[in-house]
Amino acid sequence: MAQVTTMDHQFHVLAVDDSIIDRKLIERLLKTSSYQVTVVDSGSKALEYLGLSSNENEGVEIDHSHVREIGINLIITDYSMPGMTGYDLLRKIKGSSSLKDIPVIIMSSENVPSRINRCLEEGAEEFFLKPVQQSDVNRIKPHLMREKRQKVSPNSLKRKAMVECISPEKTRKYNNLCGIFWQNICE
């Protein structure tokens with residue numbers, strides 16, 4: 001079992017899911033990892049809890065001081081929910097001047113690459129496939145440990161790192177190996 005440090009107790013996660021089963025599962029996993037957890041069953045209730053109005057234009061603030069009072073360090077939300085999707089919630093959060101630096105993780109039972117890419121491009125830190133497991137929860141901590149968020153989009157940094165790691169030479173070698181592999185299988 002992993003050691004729990006006192007630093008873990010300061011992290012407060014807002015979990016958003018319309019499914020009671022998934023809410024209970026994510027709540028249990030997060031509490032097992034010593035996070036403080038608040039759960040809500042819809043995107044509009046999440047916005048209300050965060051001090052934003054779901055009825056107003058994207059990113060309009062209600063109470064800036066409320067955000068500091070609740071101390072949310074991370075938001076994890078289901079993608080497919082009635083009314084407001086997790087993607088819509090993500091856009092509202094990233095459009096808010098006081099909430100935009102809070103990391104958001106999207107989770108879904110559907111593995112749809114275009115949906116995953118769209119969420120990551122809009123600012124989601126991670127995209128977890130359901131059912132969420134303890135190994136997924138373990139991937140949350142690095143997002144919480146960042147003391148200062150960079151002004152550069154996290155996704156642009158990810159893409160830059162991928163481009164730097166995958167040089168044209170490495171890509172050619174990979175494509176050649178794939179071609180050889182498929183030739184051997186087809187023979």
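User: How do H4 and H5 run relative to each other, roughly parallel or roughly perpendicular, and why?
Analyst: This is a predicted model. The axes of H4 and helix H5 (residues 113-122) cross at roughly 10° and come within 10 Å. Angles under 35 degrees count as roughly parallel, and H4 and H5 are therefore roughly parallel to each other.

User: Which residues meet there?
Analyst: On the H4 side they are Tyr87, Leu90, Arg91 and Lys94. In H5 they meet Arg118, Cys119 and Glu122.

User: And how do the axes of H2 and H4 cross?
Analyst: The axes of helix H2 (residues 43-50) and H4 cross at roughly 20° and come within 9 Å. That makes H2 roughly parallel to H4. The crossing is right-handed. H2 contributes Gly43, Ala46, Leu47 and Leu50 to the contact, while H4 contributes Leu89, Lys92 and Ile93.

User: Some of those positions are three or four apart. Why would such residues point the same way?
Analyst: An α-helix has 3.6 residues a turn, so residues three or four places apart point the same way.

User: Is H4 mostly covered or mostly open?
Analyst: H4 is mostly covered, since seven of its nine residues are buried. The buried ones are Gly86, Tyr87, Leu89, Leu90, Lys92, Ile93 and Lys94.

User: What covers them?
Analyst: The cover includes strand S1 (12-16), H2, S3, S4 and H5.

User: Let us step back. How many helices and strands are there in the protein?
Analyst: There are nine helices and five strands. Read from the N terminus, the order is β-α-β-α-α-β-α-β-α-β-α-α-α-α. Of the 187 residues, 40% count as buried.

User: What share of the contacts joins residues at least 24 apart?
Analyst: The share is 64%, taken among contacts between residues at least 6 apart in sequence.

User: Now for single residues. Where does Thr85 lie?
Analyst: Thr85 lies in the loop between strand S3 (74-78) and helix H4 (86-94). The side chain of Thr85 reaches the backbone nitrogen of Asp88 at 3.0 Å.

User: Why does Thr85 count as partly exposed?
Analyst: Thr85 has a relative accessible area of 21%. Buried means under 20% and exposed means over 50%, so a value in between is called partly exposed.

User: What about Ser108, is it buried or exposed?
Analyst: Ser108 is buried, at 1% relative accessibility. Ser108 lies in strand S4 (residues 104-108). A polar atom of the Ser108 side chain lies 3.0 Å from the backbone nitrogen of Glu110. Leaving out residues up to four places away in sequence, Ser108 touches Asp78, Tyr79, Arg115, Phe127, Phe128, Leu129 and Lys130.

User: Which residues does Thr38 touch?
Analyst: Beyond residues up to four places away in sequence, Thr38 touches His12, Val13, Leu14, Ala15 and Tyr49. Thr38 belongs to strand S2 (residues 36-40). With a relative accessible area of 17%, Thr38 is buried.

User: Which peptide bond is cis?
Analyst: The peptide bond from Lys130 to Pro131 is cis, and its omega is near 0°. Pro131 sits in the loop between strand S5 (126-129) and H6.

User: Which residues is Asp136 in contact with?
Analyst: Setting aside neighbours within four places in sequence, Asp136 is in contact with Phe128, Leu129 and Pro131. Asp136 is placed in helix H6 (residues 134-138), and at 10% relative accessibility Asp136 counts as buried.

User: One last item: what is the phi of Ser34?
Analyst: Ser34 has a positive phi of about 70° although it is not a glycine. Ser34 is found in the loop between helix H1 (20-32) and S2. Ser34 is buried, with a relative accessible area of 14%.

Terms used
Residues numbered from 1 in each chain as written. Predicted model: local features only at pLDDT ≥ 70, side-chain atom pairs only at ≥ 80, totals over all residues. Heavy atoms only, no water. Helix = DSSP H or I, 4+ residues; strand = E, 2+ residues; numbered from the N terminus. Buried < 20%, exposed > 50% of the residue type's maximum accessible area, 1.4 Å probe, protein only. Contact = heavy atoms within 4.5 Å. Polar contact = N/O pair within 3.5 Å; in protein donor to acceptor, adjacent residues only side chain to side chain. Axes fitted to C-alpha atoms, helices over the stretch in contact; angles between N-to-C directions. Parallel < 35°, antiparallel > 145°, perpendicular 65-115°, else oblique. Left-handed = near helix turned anticlockwise from the far one by under 90°.
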